[in-house]
Amino acid sequence: MINAVGRDIPEEILEKTGKEVFQGVHHFDGYTYRKHGPLTQAVINSDGSKLVAGIHDVLVKCGIKDGMTVSFHHHFREGDYVVNMVMEEIHKMGIRDITICASSLGKAHDPIVPYIEDGTISNIYSSGVRGKIGEAISHGKLKGLAVMQSHGGRVRSLVTGERQIDIAFIGAPTCDDYGNCRGIGGNSNCGVLSYAIADSLHADKVVAITDCLVPFPNFPAHISMTRVDYVVEVDAIGDPKKIATGAAKPTTDQRKLMMADYCTEFVVNSPYFKDGFSYQTGVGGASIASTISLAKEMKERNVHMRFGVGGLTKPMCDLLINNQVDCLLDTQDFDLDAVESVKDLRHFRISAGQYADPFNKGAVVNKLDFVILAALEVDEKFNCNVVVGSDGVITGAQGGHPDTAAGAKCAIVITPLLQGRIPAICTEVTTVTTPGESVDVVITDYGIAINPKRTDLIEAMKDVDLPFKTIEELREIAQSITGEPERVKFEDRVVGVIESRDGTIMDVVRQIKPFEFSEE
Amino acid sequence: MIEIKKPAMAGTLESSDCQVTVEEGEGTIEFSLDSTVINQYGNQIRKVAYDTLKNLDVKNVKLAIVDKGALDCTIRARIEAAVYRSAEQTENLPWGGAIRS
């Protein structure tokens, strides 16, 4: 069945998942439902401790068995030890057909690939995957499906009960013996626990795993003891060096700096750039550079930002220090400066649900003026792909891309026209993750294209001195340099589903077909 | 016809470059390709390689390319450089002739 972005979703997948095809960004506005609540086991005794000796014991206490769903958060990023530690124990116990429901998985989780191959893990729900897990999925090693969810879409699936978690494992930088978790302090300081909030609210069993046990009460708790069944203390839950690094040096790549300048020029000339505007940006070199150049323009023009959202990095926190923004709303911290900034009283922690869940009574993304994003590919309909590489292998994550693009009044995608030989602007993206109707502007080093539907923005930019082009012109420039790429060849088998933030199917990912030269 | 006399190499493994190795063949052209963009450009790279060898009039060679997303012009230049290095010809190169601009 063809969906609203023109992708043909096989009937077999609709049946298997019980899902509908994507019908447009606002299709479910006003949708009414009752929230799902978790199975809850009361603790009335006053023994006073929820400590359990180890991962094995806690799995037994939680009644681990074949076919269960276990969940994880990704605040420790490439420094995470929790996923591997838990999955290794589950594997040792001979449990099979586990569904992993993670807010994201990365290269740190390469060690679980053998558990995919041997059937310990049979389904994966995640924002995305990178490294060897992506390769394993794209080569058909996962028995079931890999479902890619946006940060908001994941929370929606837990709140509605569409996705049910049997056991949530929450890596907590600090925790007391009764389960009060904080993202701050300890060795594995990640600042916030935003992605794990929904797990703590909706999973049947909630296990806090910490390497820094502190005296009760660990207040103010980011995740309350009232939602935590057990606490396990281990030697290390992550590698601090890979959790939050020092702030990235501002890029000196002239191409990125030029795109950042184009972006800032566009932003300041748009109708939304005025006192009290709101802004979110990613962590790519060009995005960070555009925050730095925007800060300069804000100062010169005496324009003040009301709130910034992230995925935070130093340049965003500098806005707070310099009083250029009233407050920051934080879902994740990418560097030590951002982690440190959490202590500032104007720096607010928000849950992934508050941030982006499309099925609550209004998320933060809906209040965004600007979001600055990146993409692997953008096509002539402005559809973006941030999950599947141009070679057909899964190698990225939806993150908040579709959420913020849908919510923001002006969604800007920055991408170099060419990534090596691969044209970033193409006729049709390999896989659609963010629908073109949410994407307003594409900025490349060869020119800027405004979505033709945004006649208001086109009008606002008519006297602005920037290299405006049509998206088709950008695609032609790219292909005149690289030559026209052949379409990647896939097998019939669907290995992955790109879930829209509203739970419908945006696209599917098929098993990769090994390359063979065509007949001469 | 250019004889491939000894193994020779040109290019690097940097992004957007390719490393080309030529060796004496066994009477034919033997082509191998390892490319980061093989799914999208494998056939195109092979075509460029054979066209380049034809221009150079090389008929007996083992040609191996390790490609990191090089453009056609780069691939051509690296093959030409490897072939002339192999033939030990470093002067009086046929610019505009067998070496196409």
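Predicted model: local features only at pLDDT ≥ 70, side-chain atom pairs only at ≥ 80, totals over all residues.
Reader: What makes β2 and β4 of chain B paired strands?

Author: Pairing requires at least two bridges between the strands, and seven bridges join β2 (residues 18-24) of chain B to β4 (residues 61-67) of chain B, so the two count as paired.

Reader: Why are β1 and β3 of chain B said to stand at the edges?

Author: The strands of this open sheet follow the order β1-β2-β4-β3 in chain B, with mixed pairing. Because β1 (8-10) and β3 (29-35) of chain B each have a single partner strand, one side of each is left without a neighbour in the sheet. Neighbouring strands of the sheet are turned by 10 degrees against each other on average, direction ignored.

Reader: Which strands of chain B does helix α1 lie across, and at what angle does it run to β3(B)?

Author: Helix α1 (residues 38-56) of chain B lies across β3 and β4 of chain B, and its angle to β3(B) is about 145 degrees. Helix α2 (residues 72-86) of chain B, in turn, packs on the sheet by touching β1, β2 and β4 of chain B, with a direction about 35 degrees from that of β2(B).

Reader: How do you know that β5 and β24 of chain A pair, and in what sense?

Author: The threshold is at least two bridges, and β5 (residues 146-148) and β24 (residues 490-499) of chain A have three, in the parallel sense, so they qualify as a pair. Within this pairing, Val147(A) stands opposite Val497(A) in β24(A).

How values were computed. Residues numbered from 1 in each chain as written. Chains lettered and ligands numbered in written order. Helix = DSSP H or I, 4+ residues; strand = E, 2+ residues; numbered from the N terminus. Axes fitted to C-alpha atoms, helices over the stretch in contact; angles between N-to-C directions. Contact = placed C-beta atoms within 7 Å.
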